[in-house]
Amino acid sequence: MNTKPIIALDFPSEKEVFQFLSNFNEPIFVKIGMELYLQEGPSIVQKVKEQGHDIFLDLKLHDIPNTVRSAMKGLARLGVDLVNVHAAGGIDMMRGALEGLEAGTPAGKERAKLIAVTQLTSTTEEQMQNEQMISLSLLDSVLHYARITKEAGLDGVVCSVHEAGQIGEACGQEFLRVTPGIRLPGGEAHDQKRIATPNGAKASGSSLIVVGRAITGAADPAAAYKKVCDLWEEN
Ligand SMILES: O=c1ccn([C@@H]2O[C@H](COP(=O)(O)O)[C@@H](O)[C@H]2O)c(=O)[nH]1
């Protein structure tokens with residue numbers, strides 16, 4: 001799988017997306033999340049794919065197993081590279097997602113990798129304990145979600161850089177650790193709570209990094225992307 005940094009296309013419409021993509025003269029790996037997908041629908045996936053970019057469709061499905069199975073079957077036809085669900089939906093739901101994805105992948109095409117969100121990178125341990133009423137450390141909660149994700153047969157998880165190394169030890173190095181919450185050194189955290197730099201992510205065992213505002217909000221997005229790539233490839 002492409003291991004280039006994934007750029008989060010968190011834009012309100014197609015117009016801003018293609019304006020942004022015009023900064024790059026080679027195919028990149030991008031993430032389409034709910035902001036863009038809910039405004040533009042599946043056609044945005046097709047249009048971005050037509051430009052040759054790899055796609056992580058970040059819709060974080062979380063519902064009863066039957067609903068997620070059916071939704072995933074439909075999403076499989078879009079031909080993206082990476083999709084996700086919430087691990088909090090449970091093992092049956094994650095197995096349903098995988099079944100749907102396998103059933104919907106056209107014959108002869110490679111199925112998208114399926115990963116599960118553990119604890120969002122915007123969540124602190126205190127919030128998790130007080131608001132989700134989970135009386136574990138944040139690390140143990142993330143590790144638990146990673147273990148049940150593996151048990152369900154998925155390809156990996158979304159976690160923060162802070163947990164990536166221990167997930168690798170618990171679930172195996174081939175189990176993907178996809179880490180958002182990435183900032184250039186000294187960059188503003190915004191609403192993210194568990195953050196790291198691209199080089200910190202590589203050193204801590206991330207398999208793939210997701211970078212949004214550090215690139216999309218930069219005065220020169222291509223230069224910011226290059227800086228992220230250089231740091232990611234540094235060690
Ligand atoms: O735990 C999670 C899961 C997903 N995300 C998504 O990643 C990007 C991060 O954007 P930044 O601008 O780099 O903060 C965004 O699309 C989130 O929806 C996440 O941040 N944390």
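A crossover between two strands is right-handed if, with the strands pointing away from the viewer, the path from the first strand over the helix to the second runs clockwise. Helices (H or I, at least four residues) and strands (E, at least two) are DSSP runs, numbered from the N terminus. The model shown is predicted: local features need pLDDT of at least 70, side-chain atom pairs count only at pLDDT 80 or more, and totals for chains, interfaces and linings use all residues. Residue numbers start from 1 along each chain as its sequence is written.

**View 1. Strand E7 and its side chains.** From strand E7 (residues 176-179), Leu176 and Val178 point one way, while Arg177 and Thr179 point the other way. All are buried, that is, 20 or more other C-beta atoms, placed from the backbone, lie within 10 Å of a residue's own. In a regular strand, side chains alternate between the two faces of the sheet.

**View 2. From E6 to E7.** Strand E6 (residues 156-158) runs parallel to E7, joined by 3 bridges; strands pair if DSSP finds at least two bridges between them. Here glycine 156 sits opposite leucine 176. Helix H8 (residues 161-171) carries the chain across in a right-handed β-α-β crossover.

**View 3. From E7 to E8.** E7 and E8 are parallel too, with 2 bridges, and valine 178 faces leucine 208 in E8. Together with helix H9 (residues 198-204), they form a right-handed β-α-β unit.

**View 4. Around the ligand.** Of the 17 residues around the ligand (C-beta atom, placed from the backbone, within 6 Å), Ala8, Thr121, Pro180, Gly212 and Arg213 come nearest. Strand E8 (208-211) and helix H10 (213-216) each give the shell at least two residues.

Definitions and conventions: A residue is buried if 20 or more other C-beta atoms lie within 10 Å of its own, exposed if 12 or fewer, and partly exposed in between; C-beta atoms are placed from the backbone.
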